[in-house]
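Hi,

Here is the structure I promised to pass on. Have a look at it first, and then read my notes below.

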Amino acid sequence: MFWGEKRYYSVDYYLKQAFGEKVYRLALNGGMTCPNRDGTLGSRGCIFCSAAGSGDFAQDGCAPIPEQLAAAKGQLRNKRNCRKFIAYFQAYTNTYAPVEKLRKLFMDAIKDPDVVILSIATRPDCLSGEVLKLLEGLNRIKPVWVELGLQTVHSETSRFIRSGFTLECFHQAVFQLHQRGIPSIVHVILGLPGESGAQMLETVSHVGRLPVFGIKLQLLHVLSGTDLGTLYRERPFPLFTQEEYCEMVCRCLELLPPSITIHRLTGDGPKELLMAPLWSRAKRSVLNQIHQTLKEQDTWQGKYF
Ligand code: SF4
């Protein structure tokens with residue numbers, strides 16, 4: 001099965017169908033923190049999370065949103081001719097603030113005529129009734145996507161990485177978003193310490209059975225300045241080789257339904273912080289190898305769903 005030239009339903013394909021052209025992501029910073037960092041649930045964050053709260057490529061959180069949008073667009077326009085954008089609130093937990101503050105931030109983003117989608121990264125335990133109501137209202141103005149960092153369905157790993165929420169809480173968030181017609185995108189990390197390949201496939205297959213719009217498959221990056229980085233330095237644990245990772249991604253795609261959009265197949269670890277695996281720096285080469293493996297094995301997203 002093909003989506004354009006690809007054997008999986010890439011979000012780029014979806015966006016081109018929906019908007020008639022490529023749509024670019026602008027990574028923003030709403031200046032929030034995270035309950036896993038401010039002492040509410042914990043103070044050290046998830047063990048893999050960098051000081052930038054997984055927003056290493058986002059703009060400066062002190063700048064107003066219109067300024068951030070202008071700066072991010074400027075960076076992209078230096079490279080290509082791009083006209084339509086996703087305003088992506090990426091850094092930290094982007095629903096972790098009073099609802100009126102959130103309304104102002106998100107309205108500032110969707111007021112921009114070049115912004116066609118608002119995408120908000122958050123935690124499943126930070127979606128109160130009033131936040132959901134706000135997102136539902138905004139979704140009537142422009143499409144709103146909510147990105148949820150699940151990482152794994154296995155409670156032991158979840159405790160190890162200190163995610164701080166349960167699988168039940170994640171399910172609740174997915175169903176509440178679905179009921180309100182808000183598409184969700186689930187982040188999964190492949191290669192977490194102690195997890196077998198079978199466990200990773202269980203996580204992906206689990207997500208594939210939920211009413212979600214998309215999935216991000218993220219290679220585990222070990223970053224310096226994180227607790228995972230310290231652990232790796234002291235007691236290195238096994239990481240995927242490029243070949244193993246590409247095989248794993250193909251197995252994951254086979255288990256996902258053909259209707260789920262694929263938002264990421266590799267990862268974007270900041271080069272200056274990346275300790276391992278260093279092969280992941282060559283993102284294009286990893287993607288090419290995934291495409292080649294799918295072709296050689298004559299397989300595709302949903303083959304075994
Ligand atoms: S929930 Fe997100 S921002 Fe918060 S510590 Fe974990 S990865 Fe970082």
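One term before we start: two strands pair if DSSP finds at least two bridges between them. Helices (H or I, at least four residues) and strands (E, at least two) are DSSP runs, numbered from the N terminus. Keep in mind that this is a predicted model, where local features need pLDDT of at least 70, side-chain atom pairs count only at pLDDT 80 or more, and totals for chains, interfaces and linings use all residues. Residues are numbered from 1 along each chain as its sequence is written, and side-chain values use heavy atoms, with hydrogens and water left out.

Now the strands. S2 (residues 84-89) and S3 run parallel, joined by 5 bridges; one of the pairs there is Ala 87 with its bridge partner Leu 118 in S3. S3 also runs parallel to S4 (residues 144-151), again with 5 bridges, and Thr 122 has Leu 148 in S4 as its bridge partner. Between S3 and S4 the chain passes through helix H4 (residues 129-141), in a right-handed β-α-β crossover. Right-handed here means that, with the strands pointing away from the viewer, the path from the first strand over the helix to the second runs clockwise. Another right-handed β-α-β unit is made by S2, helix H3 (residues 99-110) and S3.

How many residues of S3 are buried? For S3 (residues 115-122), 8 of 8 are, with buried meaning under 20% relative accessible area, exposed over 50% and partly exposed in between (1.4 Å probe, protein chains only).

Arg 77 sits in helix H2 (residues 65-77) and is partly exposed, at 40% relative accessibility. Beyond its neighbours within four places in sequence, Arg 77 is in contact (heavy atoms within 4.5 Å) with Cys 82, Arg 83, Phe 85 and Asp 114.

As for the whole chain, it has 10 helices and 9 strands. Its radius of gyration, taken over C-alpha atoms, is 18 Å, close to the 19 Å from the globule rule for 305 residues, so the chain is as compact as a globular protein of that length. That rule is 2.2 Å times the number of residues to the power 0.38. The C-alpha trace spans about 45 × 45 × 40 Å along its principal axes, and 55% of the 305 residues count as buried.

Cheers
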